[in-house]
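Keep to what can be read from the model.

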Amino acid sequence: MSDASVVKLRLSLMGRPVRNYTFDKTVISIGRDPGADIFVDNPGVSRDHFRLERLGNGEYQVVDLGSANGTFLNDQMVNTAHIGNNDVVRFGKYTLWVGYEQDRRTINETARRANTDTEQHTMVLSRSELGNLLDVAKEKESAPAPAQAVFAAAPAAAVAIAPATPAPMAGLIVAFLMGAALGAAAMYLITQR
């Protein structure tokens, strides 16, 4: 284990999960003392029952603090013992599952540092520059597209059919009205013959 690891603890009462904890501190106290890191309000648990102490390799050891009912690591009574990944500490009617995990904050920070040369950076624009960009985007949206077909027979002017690109609601309404106008122009030409 590296120093960038955290210990994940899952407290259970008679097999039922009670609470999950994550620590990266060097000493974790467990007991009936309200000031303990893991407070367990149960008469079968001593006020200062045991503590977990971080070792040099990043893992922890369990240290019994003279508890009345003892501390058990994987069902073996212990005073002091090294805790491996997925070990279980039992005290009274409670169990504490222990797991080690890489600290996600450290992983994210390492990845961020590795990507600083390749990631894009934030650009700050003035109000006028932002306004110009928005105007250009609006012009592109509202610019008339080249006509796909033209009816030359319309009496007053040529009528264009809207392009077949997806359009916002206003564009759909305009296309509908243009279609209606084309239909009316066609009916006019038919009735005039």
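## Overall make-up

Among contacts in the protein with a separation of 6 or more, 36% are between residues 24 or more positions apart. The model is a predicted one. Its secondary structure comes to three helices and 13 strands.

The protein has 193 residues, and 26% of them count as buried. Its accessible surface comes to about 13,300 Å², and carbon and sulfur atoms account for 56% of that area.

## Confidence

The average pLDDT of the protein is 77, and 59% of the residues score at least 70.

Where pLDDT is low, the predicted coordinates should not be read in detail.

## The nonpolar core

The largest nonpolar core holds 24 residues. The members that touch the most other members are Leu 9, Ile 28, Ile 38, Leu 52, Phe 91 and Leu 96. Several strands supply at least two residues each, among them S1 (5-13), S2 (16-23), S3 (27-31) and S5 (50-54). Strands S6 (60-64), S9 (80-83), S10 (87-91) and S11 (94-102) also supply at least two residues each. S11 gives the most, with four residues.

Phe 91 has a relative accessibility of 0%, so Phe 91 counts as buried. Leaving aside neighbours within four places in sequence, Phe 91 is in contact with Leu 11, Ile 30, Val 40, Val 45, His 49, Phe 50, Gly 70 and Leu 96.

## Aromatic pairs

The structure holds four aromatic pairs. One of them is formed by Tyr 60 and Tyr 100, which are stacked at 6.4 Å centre to centre, with 10° between the planes. Tyr 60 lies in strand S6 and Tyr 100 in strand S11, so this pair ties together parts that are 40 residues apart in sequence. Both Tyr 60 and Tyr 100 are buried.

Phe 91 and Tyr 94 form another stacked pair, with 5.9 Å between the centres and 20° between the planes. Tyr 94 counts as buried because its relative accessibility is 8%, and the cut-off for buried is under 20%. Ring pairs link Phe 50, Phe 91 and Tyr 94 into a cluster.

## Charges over rings

Which residue has its charged end over the ring of Trp 97? It is Arg 10, and the charged end sits 4.5 Å from the ring centre. In another case, Arg 90 lies over the face of Phe 72, at 4.2 Å from the centre of the ring.

## Two residues in strands

Ser 12 lies in strand S1. Its relative accessible area is 10%, so Ser 12 is buried. Not counting residues up to four places away in sequence, Ser 12 touches Pro 17, Val 18, Lys 93, Tyr 94 and Thr 95.

Phe 39 is found in strand S4 (residues 38-39). With a relative accessible area of 37%, Phe 39 is partly exposed. Phe 39 and Ser 29 are 10 residues apart in sequence, and their C-alpha atoms are 8.4 Å apart in space.

## Two loop residues with positive phi

Most residues other than glycine have a negative phi. Met 14 is not a glycine, yet its phi is positive, near 50°. Met 14 is found in the loop between S1 and S2. Is Met 14 buried or exposed? Its relative accessibility is 57%, so Met 14 counts as exposed.

Asn 74 also has a positive phi, of about 50°, although Asn 74 is not a glycine. Asn 74 lies in the loop between S7 and strand S8 (76-78). The relative accessible area of Asn 74 is 39%, so this residue is partly exposed.

Notes
Residues are numbered from 1 along each chain as its sequence is written. This is a predicted model: local features need pLDDT of at least 70, side-chain atom pairs count only at pLDDT 80 or more; totals for chains, interfaces and linings use all residues. Side-chain values use heavy atoms; hydrogens and water are left out. A nonpolar core is a set of buried Ala, Val, Leu, Ile, Met, Phe, Trp, Tyr and Cys residues joined through side-chain atoms within 4.5 Å. Buried means under 20% relative accessible area, exposed over 50%, partly exposed in between (1.4 Å probe, protein chains only). Contact means heavy atoms within 4.5 Å. pLDDT is the predictor's confidence in each residue, from 0 to 100. Rings of Phe, Tyr and Trp (its six-membered ring) pair if their centres lie within 6.5 Å; planes under 30 degrees apart count as stacked, over 60 as edge-to-face and the rest as tilted. A charge sits over a ring if NZ of Lys or CZ of Arg is within 6 Å of the ring centre and within 35 degrees of the ring normal. Accessible areas come from the Shrake-Rupley method with a 1.4 Å probe; for residues, only the protein chains shown count as cover.
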